[in-house]
Amino acid sequence: MWEEARFRAVLNLLVNQRNKEMKKLIVLLLLAGCSDDAAQRDSGEKDATAKIVPHDFALPDKGVDLSFLQLDASNQSREFDAIIPVCDTTTTDNPEQYCFCFPECCLRQMWYCPPSPSREVESIELILEICDENKQPCNFDEDESCPAPEVIFRTPCSVTSNCPPGSEHGSVSWFNCEPEEGIRGRQKVVCSKGSLIHGPCEACSDEVCDNKDNDCDNKIDEGIFECVTACGPGTGVCIDGEVQRCDVREPSEEVCDFEDNDCDGLVDEGQRNACDQCGPLPEEECNNIDDDCDGILEEGLERECRSECERGTETCNEGNWNSCTARQPTDEECDGVDNDCDGTADEGLNCLCRLDQVGVLLPCAEPPLRCGGGFKTCECLDVDCLQLAMGECKSLCAQVQNPLSPNCDPEVGIIIEDELCNNFDEDCDDLIDEGVQRTCYTGRPETLNVGICVPGTQICIEGQWGGNDGNRWRANVCEGEIIPQQEICNGADDDCDGEVDYGEEIRDTDILLIVDTSGSMDEEIRAVLIALNRFAQHFAAEETIQWGMIAGPFIGEEPGTGLRKEVLRIISDIAPFNDFLARFQALNPHDFTGGEEMLKDAVYIAMRNLNPMGVDLDESVWTNGALSEPPLDQFIINWRPDTDRIVIVFSDEDEQTFLSPRVNNQMLIDAVNGAPNVKLYTFALPFYGWDEIANASGGENFELTNSAAQMYNNLMSIIDEACLPREEQGAMMLRNGYMFASYHIELTCY
């Protein structure tokens with residue numbers, strides 16, 4: 001083996017001397033330097049203190065024209081086994097020799113060491129081997145066949161500078177410290193004007209949500225933290241120094257899901273139907289059960305039924321369908337009728353006919369004739385005509401031989417111009433009973449064409465008269481007819497007795513609806529709209545009774561800022577019914593998403609020009625995210641002068657105010673009672689407080705419901721007041737000085 005000192009001397013000499021003579025001298029020195037002791041050393045022994053000294057200059061050129069000799073130490077005869085070039089066998093285990101032989105494979109770099117609490121910044125120098133197996137430099141990131149770079153040499157960390165480059169204006173790091181004996185702490189080291197500045201040693205504590213590493217684990221705001229909403233305590237995560245994503249929800253609009261959505265201790269208040277269920281009431285079925293929970297079993301249940309003869313209807317009784325009105329098959333009789341409904345009349349019977357009818361053609365339109373009109377005659381069944389029977393209905397050409405018409409179809413008769421309702425094709429167009437209709441009326445004959453009462457129409461299908469009932473045709477239905485109805489205050493003669501609105505003159509009346517359009521009111525608003533559409537069918541007092549509407553909340557934006565707001569809007573000022581209803585119908589249910597019901601404020605504001613001394617809005621402003629369109633100073637209902645006024649509120653929440661100063665219940669009651677000829681009615685749950693406000697102002701609270709029928713009856717009982725005489729006129733009085741005409745109590749005049 002080579003002696004280390006001589007080997008280094010040889011390498012240095014090779015670097016500085018490149019002429020051929022010097023190369024020969026070096027070979028001689030190498031040969032002379034071989035000793036017995038060197039040859040006997042363990043070939044695997046290395047100097048543990050050997051290292052590469054970093055250079056600022058480039059690595060030596062490997063282009064020296066000289067072959068190094070390696071001796072086989074195991075050869076005891078001290079003879080050379082071979083002469084092998086040194087660079088052919090050198091590896092990265094000897095970085096200095098490797099980089100001498102393959103300088104393009106050695107990439108020098110400087111890396112910074114981790115910061116320390118001292119004021120110095122330390123670094124290391126290292127060499128990366130970046131060649132492939134052919135000793136050609138390659139890029140590991142771009143060439144798949146290129147091996148990953150290998151660190152073949154590195155120096156210890158040594159002082160480089162006070163502040164690392166790029167850290168002049170930022171924090172270097174946090175370091176462990178001990179503010180007191182036995183207590184862990186952290187201190188921040190910052191680079192300022194080229195020097196490292198050490199901050200105070202802060203004691204570690206439990207992590208809190210403050211955008212700091214309180215527990216000194218190099219993590220900020222990790223873990224879960226306590227949080228509280230109106231629905232109770234919970235836990236969440238810390239984001240940007242604030243506890244968010246609390247696993248306890250915020251209060252939301254109450255909806256029908258058997259949960260306390262608004263966290264007020266009540267579940268589904270005002271949301272469930274009469275069956276204590278969510279959604280619309282179940283339809284009544286024929287099962288001997290009160291499905292719609294109205295106390296009546298199977299009311300009005302009727303459906304279509306069929307027999308072999310025709311269609312009809314049947315009714316439900318104690319869970320069973322019975323009493324089908326369709327004609328049932330009977331035994332065949334000699335009457336020219338298809339009694340057993342098999343398509344053939346009098347088949348299998350020797351029906352007798354008179355002798356004087358033999359040969360006489362009698363008109364007929366029945367099978368086996370397929371269409372048109374035909375004839376049949378009495379025929380002799382024996383030679384002496386002692387037995388007679390009526391023959392089949394056939395075409396005329398089959399009864400009377402006509403040599404001019406050799407092509408005769410006995411089942412096709414003469415086309416009859418008018419189709420009849422008899423399940424037969426008279427006009428031979430392959431259609432049966434098409435276009436056959438008639439007028440009808442099922443009310444009392446004396447009411448026809450009186451008041452609103454008009455006839456309807458029926459069409460014929462398969463020999464039966466009927467009409468559309470909903471979305472399907474049903475036998476015996478008179479479609480489109482209007483028969484006498486309960487008299488309501490609408491300027492029309494609803495009961496068709498020749499007298500409009502009980503003979504009373506309708507007083508000029510303004511009706512203002514104030515509607516909660518929050519997300520949970522969709523079904524109830526739909527019920528109100530259905531009721532008003534039904535009322536519109538016969539409303540004829542456009543000039544006398546007029547309507548307006550305020551609704552909210554809707555989601556909107558504050559002008560100028562774009563901030564999200566919940567908005568109270570005037571949907572319709574006092575206007576004729578058709579204009580008001582069109583604006584109501586134009587509301588989009590998808591906009592019913594708010595949750596801040598400012599309806600108490602709406603009633604109070606609506607009284608401003610009726611009771612200016614009792615409604616003070618000079619200093620009032622909207623708060624808590626509420627807004628109005630138009631703005632508060634322009635939010636005015638233009639009541640007509642000298643009219644009666646009815647205000648009707650629909651809400652499934654308690655009475656709330658979003659004005660500052662706040663509107664309390666007594667302020668609202670005083671505002672309504674101080675306005676002339678005003679009554680307030682509410683549709684709400686009794687425990688919310690609206691009922692107290694309505695009763696104190698001379699009105700009444702009704703149950704909030706999604707039943708359109710119940711909503712219609714309740715609304716009509718309110719509107720009836722416009723047709724009743726006032727107290728000073730001496731009329732019979734009930735409830736708050738009025739008697740509702742819809743109660744059918746007989747009026748007694750004095």
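Where is Asn 211 found? Asn 211 sits in the loop between strand E8 (202-203) and strand E9 (225-229). This is a predicted model, in which local features need pLDDT of at least 70, side-chain atom pairs count only at pLDDT 80 or more, and totals for chains, interfaces and linings use all residues. Residues are numbered from 1 along each chain as its sequence is written, and side-chain values use heavy atoms, leaving out hydrogens and water.

**Overall picture**

- The protein has 11 helices and 31 strands. Helices (H or I, at least four residues) and strands (E, at least two) are DSSP runs, numbered from the N terminus.
- Of the 750 residues in the protein, 40% are buried. Buried means under 20% relative accessible area, exposed means over 50%, and partly exposed lies in between (1.4 Å probe, protein chains only).
- The accessible surface comes to about 41500 Å². Carbon and sulfur atoms hold 49% of that surface. Accessible areas come from the Shrake-Rupley method with a 1.4 Å probe; for residues, only the protein chains shown count as cover.
- Take the contacts between residues at least 6 apart in sequence: 52% of them join residues at least 24 apart. A contact means heavy atoms within 4.5 Å.

**Backbone features**

- Most residues other than glycine have a negative phi, and most peptide bonds are trans.
- Asn 211 has a positive phi, near 65°, and is not a glycine.
- Glu 462 is not a glycine either, and its phi is positive at about 55°. Glu 462 lies in the loop between strand E20 (456-461) and strand E21 (464-469). Glu 462 counts as partly exposed because its relative accessible area is 32%.
- The peptide bond from Pro 367 to Pro 368 is cis, with omega near 10°. Pro 368 belongs to the loop between strand E15 (362-364) and strand E16 (374-376).
- Glu 629 and Pro 630 are also joined by a cis peptide bond, with omega about 0°. Pro 630 lies in the loop between strand E27 (626-629) and strand E28 (644-650).

**Surface patches**

- Patches are made of residues with over 30% relative accessible area and no salt bridge; like charges are joined within 9 Å, and nonpolar side chains (Val, Leu, Ile, Met, Phe, Trp, Tyr) within 5 Å. A salt bridge is a side-chain nitrogen of Lys or Arg within 4 Å of a carboxyl oxygen of Asp or Glu.
- Asp 141, Glu 142, Asp 143 and Glu 144 form a patch of negative charge on the surface. Asp and Glu count as negative, Lys and Arg as positive; His and the chain ends are not counted.
- Glu 144 is in the loop between strand E2 (121-129) and strand E3 (150-154). Glu 144 is exposed, because its relative accessibility is 83%.
- Leu 361, Leu 396, Val 400 and Ile 414 make up a nonpolar surface patch. Together they have about 280 Å² of accessible area.
- Leu 361 is in the loop between strand E14 (320-322) and E15. Its relative accessible area is 31%, so Leu 361 is partly exposed.

**Buried residues**

- Ile 127 lies in strand E2. Ile 127 is buried because its relative accessible area is 1%.
- Ile 127 and Val 151 are 24 residues apart along the chain, and their C-alpha atoms are separated by 5.9 Å.
- Asn 706 is in the loop between strand E31 (701-702) and helix H11 (708-719). With a relative accessible area of 17%, Asn 706 is buried.
- Leaving out residues up to four places away in sequence, Asn 706 touches Asn 273, Gly 279, Pro 280, Glu 523, Glu 524 and Ala 527.

Terms used:
Charge placed at Lys NZ, Arg CZ, Asp CG, Glu CD.
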